[in-house]
Amino acid sequence: MKKISFAAVSAFLWLVVLVISAFILIPKALAQALPASEPSADTVSTGWLQNPNHPPVETRFVITGQVSETEKTVEGFLEVKLSGDWKTYWRSPGEGGITPSMAWDESDNLNNIDWFWPYPQRFTLLGIETLGYKERVVFPMTLHVDDMNAPVIFRSNLTLSSCTTVCVLTDYPFELTFVPSELMLSDDAMHIYAQGVSKVPKASPLIQEVTAVWDDNKRKLQVTAVKKIGWDKPNVLVDGHSEEVKDSAFTRPIVKIDGETLVATFEVTSWMGTPQLSDEEILVTIDDQDFITELPTVVVSQDITESTNSLSIGKMFVFALLGGLILNIMPCVLPVLGMKLSSVVSASSLNRRQIRLQFLASSAGILISFMFIAALLAALKLTGSAIGWGIQFQSGWFIGLMVLITALFGANMLGLFEIRLSSNSNTWMASKGDDSYSGHFTQGMFATLLATPCSAPFLGTAVAFALATNIPTMFAIFIALGLGMALPWILVSIFPAIALSLPKPGAWMNKVKYLFGAMMLLTSIWLLTLLANHLPILWVYIIAIIAVITLFIRTLKVHGEKAAAWTGGITIVLIAGGMMIGSMTADKWVSPLPPEPNWQRLSTSDIAQYVAEGKTVFVDVTAAWCITCKANKIGVVLQDPVYSTLQHDNVITMKGDWTRPSAKVTSYLHDNGRFGVPFNIVYGPEAPNGIPLPVILTSDGVVEAINQASGGAK
């Protein structure tokens, strides 16, 4: 029997990774209905209404007790709760769905109702984009009555469309009777009402010079707006009251910001044929962090739109190349450096043609991996699932598979096992020639997979742009990322003299190979620690003990007693060192690092409240599997002057944990134009919309952002 190359085994394992990843990357929605205060017993309310044929949706109408005698109005709200992935729609639902409506013509002493719409979310399912709400939404309403001293009999039939992969149209009939002048103000109802009102876009004096241009040849609408204090990460929506505008579908715009000027370009389609928006009136609604506004009616003029798409894509393509190149030296990729260096050392004994082919095979592996990731993310995007950079590390199954594969890679490099095939299999493989190219191809794919939990300068910007744009552009950006990461290997394939200049292989190579194998086993240990987020800690210890015993037995059998003794000694030292570090961080020892700040759970409503109180909020969105996050924490957050600054009474620290799938954290990242971690941002009285920080934190940068957000007085 002949000893076969590990390339065949690694190629097979990679295929297993591809198949399993296709299933475990699709995260399940974990969203839960937000808690809401219940109005007091004397509040006029329908109570919760639920259609027995459609239990995922509950709704109620509540009168707050707030009235205006002079304007003859009564304030109330419609509240809707949706479980799971069910959603309902905005006043303009987008390419699908039906707007909620209320028929109240049978009511007495009621002449009109003003319905106010909170800013919606964008949803994409099977390529169809809609606008609406999930989990919970509060629609504030103003009831106009004829006589404040006479009873109001509010008879209504609410027609509500709710959808997942299917849509259900449900009616909720209700009736309320009250005398406006006799109503008592309900604090609980007013609290919920205020929540709804805070999310309703309003006109703002900060917005100036709003224009809209329709390009009839390109079928594009371009909206321009100027904001006095500049823009952060605006989301722009367009709708209107005319039939022409209602029949038109406005795609997710390409937004370009130049100082105080925003330019949003929409591609427009229509169910009724060719759209024509010239001279039509439109409503423009903008969400820019905590700033939400609806602009006054804008009349569309006809002209040639300015091109913004090509410039943005070209810039992001360059960012992707740089981000992929920098990814080679980020901490997430360093564990597989041994595999790469081993390839370079081995290449010095080959001819130029073999070197070119091997390094081109590694480059192809990197590119194919990025295309595979893009394909999976495209599938998630089409099904409306959460997407992000490195989300496969939120799966315990994926991490477990990576533990197994890295352990096998490391054990093979240490020479601890070999796989034997039948003589027929060996003859077949021999007839196919050198199979090392498949090993290099697999090596490139494996390096890419382990690199995905890492963020790097330029990388986050490029990935965020890719995941927010259309699918063809997303593939182009991910190919650029792959080219950037593969660039060093492409250069060696073009100039093979780089590899030929290295020392010739010899006995020293075995020692280097053992070092690389040890590095790979350390990667397995790191991945095993991540399993503690998915398995009981006892099971993690059991797996670790079995692995150590197996390592010792195989070393004894293959390399003899001396090597086994060294392995056992090193293992004991590592375990003892780990226990010492653990004990030093306990309360009874002097810790090398201070205790972590008093992190609060991420809450956008709490952020707004703290800022209104004059406080500064430092937000850290992180994950246990993110090495860059840990480097930021140990090197910056837990070090002075940042640590002392965060301890100030006027500074609030908040953490969003993305270790496991979290719809709340994912939504927060997407709202800030981010699709991966780490993400840090500082809010304060002078920066209510937040000051985003770079991927790699610096002490000066964090302190400066906190001082700027707080106005210089923490």
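**View 1. An aromatic cluster in the predicted model.** Trp-115, Trp-117, Tyr-133 and Phe-139 form one aromatic cluster. The model is predicted. A search of the whole structure finds 10 aromatic pairs. One of them joins Tyr-133 and Phe-139. Tyr-133 has 5% relative accessibility, so Tyr-133 counts as buried. Phe-139 counts as buried because its relative accessibility is 0%.

**View 2. The pair Phe-250 and Phe-266.** These two rings also form an aromatic pair. The geometry is edge-to-face: the centres are 6.1 Å apart and the planes make 85 degrees. Phe-250 belongs to strand β14 (residues 248–250) and Phe-266 to strand β16 (residues 261–270), so the pair ties together parts that are 16 residues apart in sequence. Phe-250 is buried, as is Phe-266.

**View 3. The hairpin of β15 and β16.** Strand β15 (residues 254–258) runs antiparallel to β16, and 5 bridges join them. Val-255 has Ala-264 in β16 as its bridge partner. The hairpin leaves 2 residues between the strands. Gly-259 takes a positive phi near 65 degrees in this hairpin.

**View 4. Strand β2 and its two partners.** Strand β2 (residues 73–82) has 9 of its 10 residues buried, so β2 is largely enclosed by the rest of the structure. One partner is strand β1 (residues 57–68), which pairs with β2 in the antiparallel sense over 9 bridges. Arg-60 is bridged to Glu-79 in β2. The hairpin of β1 and β2 has 4 residues between the strands. Lys-72 takes a positive phi near 55 degrees in this hairpin. Another partner is strand β8 (residues 136–144), also antiparallel to β2 over 9 bridges. Here Lys-81 has Arg-136 in β8 as its bridge partner.

**View 5. Lysines over aromatic rings.** Lys-81 places its charged end over the ring of Trp-48, 4.5 Å from the ring centre. A further case involves Lys-227 and Phe-291. Lys-227 lies over the face of Phe-291, at 4.1 Å from the ring centre.

**View 6. Spans annotated as transmembrane.** An unreviewed UniProt entry carries the annotation "transmembrane region" for several spans, including residues 357–377 and 538–556. Residues 357–377 are 100% helix and 0% strand in the model. The end C-alpha atoms of that span lie 30 Å apart. Residues 538–556 are likewise 100% helix and 0% strand. For residues 538–556, the end C-alpha atoms lie 27 Å apart. Other spans under this UniProt annotation include residues 316–337, 446–468 and 563–584.

View 7. Strand β22 (residues 616–622) is joined by 5 bridges to strand β24 (residues 679–684), and the two run antiparallel. Val-617 has Tyr-683 in β24 as its bridge partner.

**View 8. Val-665 in helix α19.** Val-665 is found in helix α19 (residues 663–671). Val-665 counts as buried because its relative accessibility is 5%. Beyond residues up to four places away in sequence, Val-665 touches Val-621, Gly-656, Asp-657 and Trp-658. Val-665 and Thr-622 are 43 residues apart in sequence. In space, their C-alpha atoms are 9.7 Å apart.

**View 9. Asn-632 in helix α17.** Helix α17 (residues 627–637) contains Asn-632. Asn-632 is buried, with a relative accessible area of 5%. With neighbours within four places in sequence left aside, Asn-632 is in contact with Val-637, Pro-678, Asn-680, Val-695, Ile-696 and Leu-697.

Notes
Residues are numbered from 1 along each chain as its sequence is written. This is a predicted model: local features need pLDDT of at least 70, side-chain atom pairs count only at pLDDT 80 or more; totals for chains, interfaces and linings use all residues. Side-chain values use heavy atoms; hydrogens and water are left out. Rings of Phe, Tyr and Trp (its six-membered ring) pair if their centres lie within 6.5 Å; planes under 30 degrees apart count as stacked, over 60 as edge-to-face and the rest as tilted. Buried means under 20% relative accessible area, exposed over 50%, partly exposed in between (1.4 Å probe, protein chains only). A charge sits over a ring if NZ of Lys or CZ of Arg is within 6 Å of the ring centre and within 35 degrees of the ring normal. Two strands pair if DSSP finds at least two bridges between them. Contact means heavy atoms within 4.5 Å. UniProt positions are given in the numbering used here, feature names are shortened, and annotations may be inferred rather than shown by experiment.
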